[in-house]
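The following account leads a new reader through a protein chain, from its overall make-up to selected details. Please keep the sequence and the structure in view while reading.

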Amino acid sequence: MELLMLCPGAGAVLGRPALLLHGPRGRRALVVADLHIGWESTLADKGFHIPAQVGKMHRALEELLRALRPDVLVFLGDVKHTVSGVEAEEWAQIPAFFEALSGLVGRLVVVPGNHDGRIEALLPDGVELAGSGGLVLWGFGLFHGHAWPDPDVLACETLVTGHMHPVVSFREGPFFRTTARVWLVAPCDGDCLAEELARRGRGRPEEPSARRLIVMPSFNEFLGGQAVNAGKRRAGDEKLIGPVLRTACVPMADAEVYMLDGTFLGTIRHLRQTGL
C-alpha cells in the first residue's frame with residue numbers, strides 16, 4: 001500500500017482513513033479514529049435503518065494489518081457511539097471486534113474519546129487503555145481531541161487527533177452537495193499551547209515543541225463531518241472541533257487539506273475563498 005507522507009515519520013495510507021507511524025528499529029504503528037461502533041442503532045431509533053458497519057470496518061482493518069504488518073494498532077478515540085452508557089449492540093459487537101483483531105497485531109491500544117464512556121468494560125484482556133489526556137508513541141503526541149492533552153503529549157513535535165471528522169463539501173449542480181473525508185495538516189505554536197494548558201491548571205511541558213497537528217478523517221465512512229470549506233461556521237459548530245483547535249495556537253485557516261487518494265486541495269483559507 002502506498003503512503004502520502006504528511007510529515008517526517010507519518011504517512012496517510014492512500015485511499016484509506018488510516019495513518020502509519022514509523023518508529024525506531026523499523027517498528028510501525030497503524031492509527032485509526034472515530035469508528036463509532038453502534039451508531040446505526042441510534043439512527044434506527046429515529047426510523048433510519050442502515051446495516052451494521054462493524055463487519056465492514058473489521059475487514060478493512062484486517063486488510064490493512066495483513067498488508068502493512070504494524071507492531072501496534074492505535075484507536076484514537078470514539079470506538080463506540082454511546083457517550084456515557086453501553087448499548088446492547090455495543091456489548092455484542094465490540095468485544096468480538098477486538099478479539100478478532102488481537103491475533104493480527106502484537107499491541108492494541110485505545111485512546112478514549114468523548115463517546116467512550118465505560119469502554120473499559122468492553123475491552124478484552126490484553127487491550128491497553130490509555131488516559132483521556134492521550135498517548136506518546138515514538139515522539140508523536142496522540143489524543144482524541146475532545147479534551148486537552150497531557151503536557152507530555154504537547155511536548156511532541158507532531159500531534160495527531162481525531163474528533164472533528166473533517167470533510168470537504170462539493171457542489172453537485174445547483175441544488176445538491178456531496179462530501180468527502182479529508183486529512184488536515186495544520187501548523188501550531190507549541191509555546192502558545194503550553195501557555196494555554198498552564199492557564200487551565202493542567203501543567204506545562206518542559207520543552208514545548210509542537211509544530212504541526214494532523215487531524216484524521218473518521219474511519220467510519222457513513223458518519224457526518226464538519227465541512228472545512230464552509231464559509232462561516234454556524235453558532236455551536238465551534239464545539240465540534242475541540243478545545244485545542246479553538247485556540248489561536250492552531251491557525252486552522254492555514255491547514256493543508258488532502259483527500260484520501262492523496263489529492264492536495266489547498267489550504268482551508270484557499271477553499272473558502274474559492275467557494276468550492
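**A guided reading of the chain**

The accessible surface of the chain comes to about 12400 Å², and carbon and sulfur atoms account for 51% of that area. The model under discussion is a predicted one. Seven helices and 16 strands are found in the chain. Of its 276 residues, 52% are buried. Among contacts between residues at least 6 apart in sequence, 67% join residues that are at least 24 apart.

Strand β1 (residues 3-7) pairs with β2 in the antiparallel sense, over four bridges. One of the residues involved is M5, whose bridge partner in β2 is G11. Two residues lie between the strands in this hairpin, where G9 takes a positive phi near 85°. Strand β2 (residues 10-13) also runs antiparallel to β3 (residues 19-22), to which three bridges join it. Here A10 has L21 of β3 as its bridge partner. The hairpin of β2 and β3 has five residues between the strands, and G15 in this hairpin takes a positive phi near 85°. Which residues of β2 point one way, and which the other? A10 and A12 point one way from the strand, while G11 and V13 point the other way; all of them are buried.

Attention now turns to helix α5, which spans residues 190-199. Its start is capped by D189: a side-chain oxygen of D189 lies 3.1 Å from the backbone nitrogen of D191. Within the helix, G190, L193, A194, E196 and L197 are buried. Seen down the axis of α5, these buried residues fall within an arc of 165°, and therefore they line one face of the helix. Just after the helix, G201 takes a positive phi of about 75°.

Leaving aside neighbours within four places in sequence, L193 is in contact with W148, L154, L159, C188, A210, V244, T247, C249 and V250. L193 also belongs to the largest nonpolar core, which has 31 residues; those with the most contacts inside this core are L159, L184, L193, V250 and V257. Two or more residues of the core come from each of α4, β11, β12 (176-187), α5, β13 (212-215), α6 and α7 (268-274). The largest share, four residues, comes from β12. Apart from this core lies another, of 28 residues, with V32, L65, L73 and F219 among them.

A last stop is H163, in the loop between β10 (158-161) and β11 (166-172). Is this residue buried or exposed? H163 has a relative accessible area of 14%, and because buried means under 20%, H163 counts as buried. The side chain of H163 makes a polar contact with the side chain of N114, at 3.4 Å.

How values were computed: Residues numbered from 1 in each chain as written. Predicted model: local features only at pLDDT ≥ 70, side-chain atom pairs only at ≥ 80, totals over all residues. Heavy atoms only, no water. Buried < 20%, exposed > 50% of the residue type's maximum accessible area, 1.4 Å probe, protein only. Contact = heavy atoms within 4.5 Å. Areas by Shrake-Rupley, 256 points an atom, 1.4 Å probe, with all protein chains shown as cover. Polar contact = N/O pair within 3.5 Å; in protein donor to acceptor, adjacent residues only side chain to side chain. Arc of directions from axis to C-beta. Pairing = 2+ DSSP bridges. Core = buried A, V, L, I, M, F, W, Y, C linked by side-chain atoms within 4.5 Å.
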